[in-house]
Amino acid sequence: MQTETIRLGEFEQLSCKIAAAMLSIQTDALLPRLLDLAQLVSPTETLTAFSFRLDARPTVLYDGEVDQYRTERVHFYTAGAYLLDPFYKAFQDGRRGAFRLGDIAPDDFFDSEYYRDYYKTIGVVDEVGFLIGMDRRTAIHISLATYKADETFSPSALEGIRALFPIFEAAIQSQWQSLPAVEGRAVPMESKTQALLQRAFWKFGSSVLTHREREIVRLTIQGHSAKSAARVLAIAPGTVMNHKRHVYDKLEITSSNALFSLFMRSLAVADFSPDLDPLERLRVVEAQAYKN
């Protein structure tokens, strides 16, 4: 009898949280109420919402944790680092639903420079992301994150979070169905910037690296190990390692840390020249800066 009373009490609490969220649609209180709902079934500590588009960079719709350092890191993400984000890659691949970071990230992602430079610096220990479709080109990404090493998402917490996805989906779609940021096409300048960053991602190193070497560079900075990259490219891991040695020699670097730094610096100075390797542009810019 006691067990039934506890279950009834939990159901009543859950119902109240759902009702509070539904009543908050079309108000600024919706995402805080959805965070309350997530915290009822999981160790979620913060909620962040991004608009993902195929023709524009991600934009922040809501951030439950705002401080200057976090704001700088989020700017780092939206300025180009998002191209390495497993959730953004899943969005580009057309996936929608609830995903744990560890389930969709490449095998070496948690040792990657992107993970250290973004996730670790803002303190995220574990993350579940909702990708909620708005139209063919747009989704809203809801990030539910924990910061404590001893409070990651357990199997039961993951089950609870995933069970909430239909509620989040209905509420988010109702909230942002008429928002300019998620309907129609992006403004022309933003579309050009997104195209620029995408082109720079694919053209990075094209002036000195072979096509295969550039494929391995992209997989490496996304967090793939040699074995994982080999599976993606259907080649031997040893071949991947040989290509990586050639890449390091040609770029005059000695580590994946240096490769990531070179890539991010190149993104920052990329221009709209369709065939120009952003690495070439970086060398020109840094040479001029050295002279001055």
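At 8% relative accessibility, serine 112 counts as buried (under 20% relative accessible area; exposed is over 50%, partly exposed in between; 1.4 Å probe, protein chains only). This is a predicted model: local features need pLDDT of at least 70, side-chain atom pairs count only at pLDDT 80 or more, and totals for chains, interfaces and linings use all residues. Residues are numbered from 1 along each chain as its sequence is written, and side-chain values use heavy atoms, leaving out hydrogens and water.

**Serine 112 and its polar contacts**

- Serine 112 sits in the loop between helix H5 (101-104) and helix H6 (113-122). Helices (H or I, at least four residues) and strands (E, at least two) are DSSP runs, numbered from the N terminus.
- A polar atom of the serine 112 side chain lies 2.6 Å from the backbone oxygen of phenylalanine 109.
- The backbone nitrogen of tyrosine 115 also has a polar atom of the serine 112 side chain 3.1 Å away.

**Nonpolar cores**

- The largest nonpolar core has 49 residues. A core here is a set of buried Ala, Val, Leu, Ile, Met, Phe, Trp, Tyr and Cys residues joined through side-chain atoms within 4.5 Å.
- Tyr114, Tyr118 and Tyr119 touch the most other members of this core.
- Helix H13 (residues 256-269) gives the most to this core, with 7 residues.
- Which residues does tyrosine 118 contact, leaving aside its neighbours within four places in sequence? They are Phe50, Arg73, Val74, Phe76 and Tyr77, with contact meaning heavy atoms within 4.5 Å.

- H11 and H12: helix H11 (residues 226-233) packs against helix H12 (residues 237-251) at an angle of about 105°, with their axes 8 Å apart. Axes are lines fitted to C-alpha atoms, for helices over the stretch in contact; angles run from 0 to 180 degrees between N-to-C directions.
- That angle makes H11 roughly perpendicular to H12 (65 to 115 degrees; under 35 is roughly parallel, over 145 roughly antiparallel, the rest oblique).
- From H11, Ala226, Lys227, Ala229 and Ala230 meet Pro237, Val240 and Met241 of H12.
- This contact of H11 with H12 has 6 nonpolar, no polar and 1 charged residues. Ala, Val, Leu, Ile, Met, Phe, Trp, Tyr, Cys and Pro count as nonpolar, Asp, Glu, Lys and Arg as charged, and the others, Gly among them, as polar.
- H10 and H13: helix H10 (residues 211-222) and H13 pack at an angle of about 100°, and their axes are 10 Å apart. H10 and H13 are therefore roughly perpendicular to each other.
- Val217, Thr220 and Ile221 of H10 meet Leu259, Phe260 and Phe263 of H13. By class, this contact of H10 with H13 divides into 5 nonpolar, 1 polar and no charged residues.
- H10 and H12: the axes come within 9 Å and cross at roughly 95°. H10 and H12 are therefore roughly perpendicular to each other.
- On the H10 side, Arg212, Glu213, Ile216, Val217 and Thr220 take part. On the H12 side, they meet Val240, His243, Lys244, His246, Val247 and Lys250.
- The contact of H10 with H12 has 4 nonpolar, 3 polar and 4 charged residues.

- Glutamine 26 is not a glycine, yet has a positive phi of about 70°. This glutamine lies in the loop between helix H1 (2-23) and helix H2 (30-41).
- Glutamate 252 is not a glycine either, and has a positive phi of about 60°. Glutamate 252 lies in the loop between H12 and H13.
- Is glutamate 252 buried or exposed? Glutamate 252 is exposed, with a relative accessible area of 73%.

**Other residues**

- Aspartate 55 is in the loop between strand E1 (46-53) and strand E2 (59-63). Aspartate 55 counts as buried, at 13% relative accessibility.
- The aspartate 55 side chain makes a polar contact with the side chain of arginine 53 at 2.7 Å. Such a contact is a pair of N or O atoms within 3.5 Å; within protein, one must be able to donate a hydrogen and the other to accept it, and residues adjacent in sequence count only if both atoms are side-chain atoms.
- Glutamine 13 lies in helix H1 and is partly exposed at 41% relative accessibility. Its C-alpha atom is 8.5 Å from that of leucine 40, 27 residues apart along the chain.
- Threonine 210 is in the loop between helix H9 (188-203) and H10. Threonine 210 is partly exposed, with a relative accessible area of 36%.
- The C-alpha atoms of threonine 210 and leucine 84 are separated by 21 Å, with the two residues 126 residues apart along the chain.
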